[in-house]
Amino acid sequence: MKTVSAIGIALLFACQSCSTTSEETTLAVENPGTVSVAESPQTFNLESSLSNSAVIGSSTNKILSTDTIRDNLFLSQYVSENRYLGTVIWTKENETFNPIWQDKDSSDFPPHTFSFVDFDRDGRKDLTLYFGQEEVYGTEVYLNQSSKDYRKENFKLAYQNWNDYSVIVDIDGDGVPELLDSGYEGTEHVEGPEFFLTDDVREQVHQKYDQIARVEGANNFTFNMPNYFKVFNSFVMDSIKVFAYDNGRFTDKTCMYTDYLDWRIGILKQMGTDNRNDSKRINELISYLEKKKTCN
Ligand SMILES: [Ca+2]
Ligand SMILES: [Ca+2]
């Protein structure tokens, strides 16, 4: 656990060793067959909808949960006796549920948290999932290109981070969400160094959180922040990147967010005057962030 753990600063600097909350990871196991769709008074018989044998799940599999995505999309997760099998997304027409997409995953690190946010502003909610456990962290975003029929392309992979949970957050308050990425390369999770904040700097971080979460970024609440994302974030000692949707995929657009970079640099400079902190690391980060202000 990091030195800093206050929830109020978590959006911007949360501890990377934090795991998901029990609320996010505890999924009620339903009886196989009939499933109650969350936020919907209706129920449907899953077994009768599984005529497509290619789709994960059968009457012998358990369903972990079903989530209503809106946009007439529904999500189910499947497990066998003791292993996750995968995720299926359904549509509903004429009271019948039809599978349109699946993500088979029987690995040791299946997805555990799902979020539906429209990144490309086409009116269809895109799928973001977090996978991993213990020291494994990962984020994937799939763009919703759904049709009425089952096909792999209904949700197209557009972003991947296999070393951390990235945060969906509207950093500049323009109503369009960005992905705040911890900035590390590769597939190994990187644990940042310990650091210390004075009360004054901590208060500045609190204020920035409030500004992003409640003032500039009113839309952040519809992006499930802060409910999901207050514990997942880029740490103050991370070499962050900001990814934004651009023409079919997410690209590093960090240089477009100079106000945010300047703010982080200001915090780091104040931290650098505190001799409890690793000044070499802080100076490297400041140099990194200064370079990121220039678009290549
Ligand atoms: Ca979309
Ligand atoms: Ca934005």
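The buried residues of H6 are Ile282, Leu285, Leu289 and Lys292. They cover an arc of only 85° around the axis, which puts them on the same side of H6. The arc is that of the directions from the helix axis to the C-beta atoms. Buried means that 20 or more other C-beta atoms lie within 10 Å of a residue's own; exposed means 12 or fewer, and partly exposed lies in between, with C-beta atoms placed from the backbone.

This is a predicted model: local features need pLDDT of at least 70, side-chain atom pairs count only at pLDDT 80 or more, and totals for chains, interfaces and linings use all residues. Residues are numbered from 1 along each chain as its sequence is written, while chains are lettered from A and ligands numbered from 1 in the order in which they are written.

**The whole chain**
- The protein chain has six helices and 14 strands. Helices (H or I, at least four residues) and strands (E, at least two) are DSSP runs, numbered from the N terminus.
- Of its 296 residues, 38% count as buried.
- Take the contacts between residues at least 6 apart in sequence: 55% of them join residues at least 24 apart. Two residues are in contact if their C-beta atoms, placed from the backbone, lie within 7 Å.

**Helix H6**
- H6 has 14 residues, 279-292. At 1.5 Å a residue, they should span 20 Å, and the end C-alpha atoms are 20 Å apart, which agrees. The expected span is 1.5 Å times one less than the number of residues.
- Exposed residues sit on the face of H6 turned away from its buried side: Lys280, Ser287, Glu290 and Lys291.
- An α-helix has 3.6 residues a turn, so residues three or four places apart point the same way.

**Helix H5**
- Helix H5 (258-272) is included in what covers the buried residues of H6.
- Gly266 is found in H5. Gly266 is partly exposed, with 13 other C-beta atoms within 10 Å.
- Gly266 and Val201 are 65 residues apart in sequence; in space they are 9.8 Å apart, C-alpha to C-alpha.

**A four-stranded sheet**
- An open sheet of four strands runs in the order E11-E12-E13-E14, with antiparallel pairing. Two strands pair if DSSP finds at least two bridges between them.
- Its edge strands are E11 (167-169) and E14 (249-252), and each pairs on one side only.
- Four bridges join E13 (residues 241-246) to E14, and the two run antiparallel.
- Asp246 has Arg249 in E14 as its bridge partner.
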